[in-house]
Amino acid sequence: MPVDYSGTWDMVSNVNFDGYMISLGIDFATRKVASLLKPQKVITQDGDSFTIKTFTTFKNYECSFKTGEEFVEVTKGMDNRSCQTVVNWKDDKLVCVQRGVKKNRGWAHWIEGDELHLELTCEDQVCKQIYKRTL
């Protein structure tokens, strides 16, 4: 049985987000605003089907997917690019590969205790975020 990611998660740690955004080509002003935000994630899981909603006071983002099924994702709220995305289970981790303009792009989610870890990659940059379960 896969890990249950369902819940509401508040960000408590964000390392190298600016470097990650630079690799995406996000402008200076947007990066400065985004670096001040403390996103909240609401994850709904039904077996291998997921909806991940990310809320901030600046922009919101929603992504729905079923593990193992490739889909076209438009990264609205970040760099607004279209990419071919697939999310798979790797043990208890959700591992996403996003194929498009940017190389080595994707993310991984995993849970340790009451913490949700998110590792974002783009080209040679890695951003590490930690969220705490609130609900």
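Is aspartate 79 buried or exposed, and what is its relative accessible area? In this predicted model, aspartate 79 is buried, with a relative accessible area of 13%.

Aspartate 79 forms a salt bridge with arginine 105, and the closest N and O atoms of the two are 2.8 Å apart. The pair joins distant parts of the chain, 26 residues apart: aspartate 79 sits in the loop between β5 (71-74) and β6 (82-90), while arginine 105 belongs to strand β8. That strand covers residues 105-112. Arginine 105 is buried as well, because its relative accessible area of 8% falls under the 20% cut-off. The two side chains also make a polar contact, at 2.8 Å. Leaving aside residues up to four places away in sequence, arginine 105 touches Tyr20, Leu24, Thr75, Asp79, Arg81, Cys96, Val97, Gln98, Thr121 and Cys122.

The count of salt bridges in the model comes to nine. One of them pairs aspartate 18 with arginine 31, with the closest N and O atoms 2.9 Å apart. Here the link runs between two helices, from aspartate 18 in α1 (residues 17-24) to arginine 31 in α2 (residues 28-35), across 13 residues of sequence. Aspartate 18 is partly exposed, at 26% relative accessible area, whereas arginine 31 counts as buried at 13% relative accessibility. Lys32 joins these two residues, Asp18 and Arg31, in a network of salt bridges.

Another salt bridge connects lysine 102 and glutamate 123, whose closest N and O atoms are 3.9 Å apart. Both partners lie in loops, 21 residues apart: lysine 102 between β7 (93-99) and β8, and glutamate 123 between β9 (115-122) and β10 (125-133). In this pair, lysine 102 counts as buried at 16% relative accessibility, and glutamate 123 is partly exposed with a relative accessible area of 33%.

The buried residues are Phe17, Gly19, Tyr20, Met21, Ser23 and Leu24. Their cover includes β1, α2, β8, β9 and β10. Just after α1, glycine 25 takes a positive phi of about 85 degrees.

Finally, an unreviewed UniProt entry lists residues 7-24 under "domain: Cytosolic fatty-acid binding proteins". In the model, this span is 44% helix and 50% strand, and its end C-alpha atoms lie 28 Å apart.

Key: Residues numbered from 1 in each chain as written. Predicted model: local features only at pLDDT ≥ 70, side-chain atom pairs only at ≥ 80, totals over all residues. Heavy atoms only, no water. Helix = DSSP H or I, 4+ residues; strand = E, 2+ residues; numbered from the N terminus. Polar contact = N/O pair within 3.5 Å; in protein donor to acceptor, adjacent residues only side chain to side chain. Contact = heavy atoms within 4.5 Å. Salt bridge = Lys/Arg side-chain N within 4 Å of Asp/Glu carboxyl O. Buried < 20%, exposed > 50% of the residue type's maximum accessible area, 1.4 Å probe, protein only. UniProt positions renumbered as here; feature names shortened; annotations may be inferred.
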